[in-house]
There are 2 protein chains.
Amino acid sequence: MHVFDTIAAVRSFLLSERRQGRSIGLVPTMGALHEGHLSLMRRARAECDAVVASVFVNPTQFGPGEDFARYPRDLERDARLAASAGVHAIFAPSMPEMYPEGCATFVDQGGEAIGRLEGQFRPGHFRGVLTVCLKLFNIVAPDRAYFGRKDYQQALLVRRMVRDLGLPLEIVLCETVREPDGLAMSSRNQYLDPAARRQAVCISRGLARARAALAQGERSAPRLADLIRSELEAAGPCSIDYVAVADPETLAPVETVERRAVALAALRIGGTRLIDNCPLEP
Amino acid sequence: MHVFDTIAAVRSFLLSERRQGRSIGLVPTMGALHEGHLSLMRRARAECDAVVASVFVNPTQFGPGEDFARYPRDLERDARLAASAGVHAIFAPSMPEMYPEGCATFVDQGGEAIGRLEGQFRPGHFRGVLTVCLKLFNIVAPDRAYFGRKDYQQALLVRRMVRDLGLPLEIVLCETVREPDGLAMSSRNQYLDPAARRQAVCISRGLARARAALAQGERSAPRLADLIRSELEAAGPCSIDYVAVADPETLAPVETVERRAVALAALRIGGTRLIDNCPLEP
């Protein structure tokens with residue numbers, strides 16, 4: 001497996017792949033790889049001839065006071081794991097490679113989906129996400145890029161960007177990979193101490209409880225949200241950013257779940273912010 | 001020459017060009033072609049194997065009260081002229097092809113250059129320009145895109161976007177083409193009645209006067225700007241948006257012209273807004 005740290009180097013590798021008629025898959029990551037990332041890489045490997053995983057802790061998607069500085073970084077371990085998942089090349093650029101001196105161009109979105117949920121609690125976050133994704137798409141020019149469903153709103157907005165800007169690639173959304181107890185895999189889970197780790201299962205348990213109630217005929221979105229909220233609150237001290245039952249495209253809150261919706265939650269346990277979501281199919 | 005009105009059609013044409021190893025040149029236009037556009041097309045033809053000219057009156061770069069509705073449109077004439085300049089394909093998309101229902105993604109820039117001059121008098125203009133250029137770059141994937149120096153600030157910001165976003169193309173800046181009396185060619189010149197047309201030469205005359213003064217040793221930027229301004233005011237009633245002697249990269253005003261600078265002016269004669277600029281090389 002190759003590890004490239006410059007745009008020129010990864011482009012030169014990809015040019016030669018393209019010349020051989022090989023399709024390219026991209027898995028954008030911030031490193032600290034876990035089974036969720038690896039499942040994206042395996043899927044990319046199954047669907048594309050050459051797979052590039054990017055490893056870049058993107059400063060522009062962190063707000064002030066967020067965990068940019070302490071975000072876990074271990075490129076050697078990431079490279080080992082990515083190689084085991086069949087990745088052909090890692091692109092791990094330096095900061096000035098991605099944001100050269102004087103770099104000032106960004107991509108952003110209007111529309112209602114971007115300002116809701118994560119957008120409300122992390123202002124500017126998605127501008128950073130969209131901008132770095134666009135750069136990666138421009139650098140790698142993949143046929144397909146793989147995103148995890150855990151970051152549902154992110155995938156929704158990236159897919160919209162791809163459509164709006166006429167980018168010639170497909171965004172592939174992959175199922176959330178979970179720990180045996182249901183906790184969605186996240187690089188941030190390693191911030192959790194044992195007690196917080198036990199508590200953290202409340203999110204997936206709350207989502208599962210909402211799904212079960214839906215299956216038993218509950219259609220009221222506020223009552224489904226209350227079920228999730230009560231699981232979060234019962235599990236221990238935490239600060240809930242939001243619990244929402246929302247339209248899967250606009251992320252506007254729905255009143256009743258008469259067609260496909262999505263339940264989403266974000267909370268902080270100690271200093272760690274966790275998010276999760278699940279589809280609601282009536 | 002081909003005329004395509006869908007993204008799929010122009011992509012399919014370009015895919016076949018690329019497969020033959022042919023390089024692609026793009027000349028983005030809003031139609032109403034004149035000799036300035038044709039010079040870009042000829043240059044593109046000289047430097048690239050296949051040349052695409054886009055013809056799209058981009059609504060997002062017009063402000064309220066500007067001339068979007070009356071902007072001249074004549075695709076048949078444009079196609080004839082483009083063919084005569086050796087263009088291989090025209091891409092003339094419909095509005096929903098470029099801005100599909102719900103389209104909400106845009107690109108914008110921080111930094112000081114975007115808010116000055118045109119940015120000050122046409123708020124949102126460059127967001128529209130950058131967004132449509134990015135879409136065209138994504139659709140056509142050119143090796144080179146050709147811009148006229150008359151829209152100096154536009155070319156500067158587009159070039160910066162290309163660098164900032166890691167777009168794999170080169171922005172080629174081409175000299176302004178002028179009428180025999182010096183007026184910079186512009187699609188908007190056709191709005192001018194004969195008297196306004198005669199008056200309009202004041203801009204290029206003012207710029208020429210500043211260059212002449214510079215050649216004779218004048219280094220004071222305010223005095224050079226005053227020379228331009230006095231030509232504009234002497235020619236007849238007009239409304240001056242700005243006259244600037246500026247840094248060629250940041251567009252910040254300079255005090256003295258000790259190294260390369262640029263002189264820029266924008267004014268309105270009757271209802272017609274005209275811009276022009278020239279390099280100042282001490």
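## Basis of the description

This is a predicted model, in which local features need pLDDT of at least 70, side-chain atom pairs count only at pLDDT 80 or more, and totals for chains, interfaces and linings use all residues. Residues are numbered from 1 along each chain as its sequence is written, while chains are lettered from A and ligands numbered from 1 in the order in which they are written.

Helices (H or I, at least four residues) and strands (E, at least two) are DSSP runs, numbered from the N terminus. Two strands pair if DSSP finds at least two bridges between them.

## The parallel sheet of chain A

Chain A contains an open sheet of six strands in the order 1-4-3-2-6-7, with parallel pairing. Its edges are formed by strand 1 (2-4) and strand 7 (170-174) of chain A, each of which pairs on one side only. Direction ignored, neighbouring strands of this sheet are turned by 25° against each other on average. Within the sheet, strand 3 (residues 50-55) and strand 4 (residues 89-91) of chain A are joined in the parallel sense over three bridges.

Helices lie across this sheet. Contact here means that the C-beta atoms of two residues, placed from the backbone, lie within 7 Å. Axes are lines fitted to C-alpha atoms, for helices over the stretch in contact, and angles run from 0 to 180 degrees between N-to-C directions. Helix 1 (residues 7-19) of chain A lies across strand 1, strand 2 (24-29), strand 3 and strand 4 of chain A, and runs at about 135° to strand 1 of chain A. Helix 7 of chain A lies across strand 6 (144-148) and strand 7 of chain A, at about 165° to strand 7 of chain A.

## Helices 6 and 7 of chain A

The axes of helix 6 (residues 125-140) and helix 7 (residues 152-164) of chain A come within 10 Å and cross at roughly 50°. Helix 6 and helix 7 of chain A are therefore oblique to each other; angles under 35 degrees count as roughly parallel, over 145 as roughly antiparallel, 65 to 115 as roughly perpendicular and the rest as oblique.

In this contact, A:F126, A:V129, A:L130, A:C133 and A:L134 of helix 6 of chain A meet A:Q154, A:L157, A:V158 and A:M161 of helix 7 of chain A. By class, the contact has eight nonpolar, one polar and no charged residues, where Ala, Val, Leu, Ile, Met, Phe, Trp, Tyr, Cys and Pro count as nonpolar, Asp, Glu, Lys and Arg as charged, and the others, Gly among them, as polar.

## The antiparallel sheet of chain B

Chain B has an open sheet of three strands in the order 8-9-10, with antiparallel pairing. Strand 8 (239-246) and strand 10 (272-280) of chain B stand at the edges with a single partner strand each, so one side of each is left without a neighbour in the sheet. The twist averages 10° from one strand to the next. Nine bridges pair strand 9 (residues 261-269) of chain B with strand 10 of chain B, and B:L267 stands opposite B:L274 in strand 10 of chain B.

Helix 9 (residues 202-215) of chain B packs on the sheet and touches strand 9 and strand 10 of chain B; its direction makes about 20° with that of strand 10 of chain B. Helix 9 of chain B also packs against helix 10 (residues 221-234) of chain B, at an angle of about 150° and with the axes 8 Å apart. These two helices of chain B are therefore roughly antiparallel to each other.

## How the two chains meet

The contact takes 23 residues from chain B and 23 residues from chain A. On the side of chain B that touches chain A, strand 5 (105-109), helix 6 (125-140) and helix 7 (152-164) of chain B each supply at least two residues. Strand 5 of chain B gives the most, with five residues. The residues of this side divide into twelve nonpolar, seven polar and four charged.

Strand 5 (residues 105-109) of chain A and strand 5 of chain B run antiparallel and are joined by five bridges; A:F106 has B:D108 as its bridge partner.
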